[in-house]
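The sequence and the model are shown first.

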Amino acid sequence: MAEKQKKWDGKSRGGRTGYLIFAFILKHLGVGFAYCLLAFVVPYFIIFAPSQTSASWHYQRRRLQRGVLRSLVGLYSHYFNFGQALIDKMAMTAGAAGSFSFEYDNYDKALEIVGRHEGAIFIGAHIGNWEVASHFFGEYGKDISVVMYQNEDRDIKKLLEEMYGTLPFKPIAINVDPLGAMLEIKASLNSGGYVCFDGDRYVDRNSAVPREFLGGKVMIPEGPYRIASKCRVPVIFFYAMREKGRRYRFIFEEMPLGSFKGPDGLIDAYLNSLADKVKRYPMQWFNFYDFWED
């Protein structure tokens, strides 16, 4: 039996050849054809990615409380949604945003906050496809820093840069130089910039705290919430969720200063918000590893 993956390793599944194939299809045959090919690729990953398949199965059986038959169907749907998110990200990065439509929840409030140029923290999660929104940052893109766990294969990173150019935001690699990353985060906020975190995955278990989430114990990184609490800047929970018909819904949920008590209160508010999104979009939860401790 394959050993369970207890911690996410920061790598996306798939190699250079796979990226090249889908990049070629997107360029010459379009998004729709890429989805058709994905339909035949999914069974391969269900069989030959046993740790990820096991995580998806347990998620559906234990957290979503689904029966065996529905969970079997869900395995395919879960992988397909993940592949679709990757295709959409590549397509939009390549300039095909016109193939999609977009809706916004509380967008005006988010613009009001960033328009002050006083600094703000955005906290997202590995649900949906937040990266598709990065191409709509516009004039704010130069002031946005995204804290990321960088562990992709160098040839894939180089390939993506060759195909699509530079990112519309500044990445901060938290796992390369943690102290340097903290200084960059503070400098960005002090200069009125915006820092984006994923609030559901930790780099160092010693800096994570236990919480209850969807009926099980999880470990949540304390860093983003502690930084937000100490820096006293507005906090926005952000999600980009895919809906039917190549439509994305960008959701912004403001956490005004004083609406939470310290990092613990902010974590609780975040998990309540995240649980709502998981229930509404269960097949767009993309933590394909042993996320729950039990």
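## Salt bridges across the chain

A salt bridge is counted here when a side-chain nitrogen of Lys or Arg lies within 4 Å of a carboxyl oxygen of Asp or Glu. The model is a predicted one, in which local features need pLDDT of at least 70 and side-chain atom pairs count only at pLDDT 80 or more, while totals for chains, interfaces and linings use all residues. Residues are numbered from 1 along each chain as its sequence is written, and side-chain values use heavy atoms, with hydrogens and water left out.

The structure holds 17 salt bridges, and one of them joins glutamate 293 to arginine 205, with the closest N and O atoms 2.9 Å apart. This pair links distant parts of the chain, since glutamate 293 belongs to the segment after α9 (262-280) and arginine 205 to the loop between β5 (194-198) and β6 (208-213), 88 residues apart. With buried meaning under 20% relative accessible area, exposed over 50% and partly exposed in between (1.4 Å probe, protein chains only), glutamate 293 is partly exposed at 31%, and arginine 205 is partly exposed at 39%.

## Further charged pairs

Glutamate 222 and arginine 226 also meet through their side chains in a salt bridge, at 2.7 Å from N to O. Glutamate 222 counts as buried because its relative accessibility is 18%, whereas arginine 226, at 36%, counts as partly exposed.

Within helix α9, arginine 280 and aspartate 276 lie 4 residues apart, about one turn of the helix, and their side chains form a salt bridge of 3.4 Å, N to O. Arginine 280 is partly exposed at 43% relative accessibility, as is aspartate 276 at 33%. Elsewhere, a network of salt bridges links Glu103, Asp105, Glu243, Arg247 and Arg249.

## Overall make-up and helix α4

The protein chain contains 9 helices and 9 strands, where helices (H or I, at least four residues) and strands (E, at least two) are DSSP runs numbered from the N terminus. Of its 294 residues, 49% are buried.

Helix α4 covers residues 68-93, and its 26 residues should span 38 Å at 1.5 Å a residue, which agrees with the 38 Å between its end C-alpha atoms; the expected span is 1.5 Å times one less than the number of residues. Just after α4, glycine 95 takes a positive phi of about 95°.
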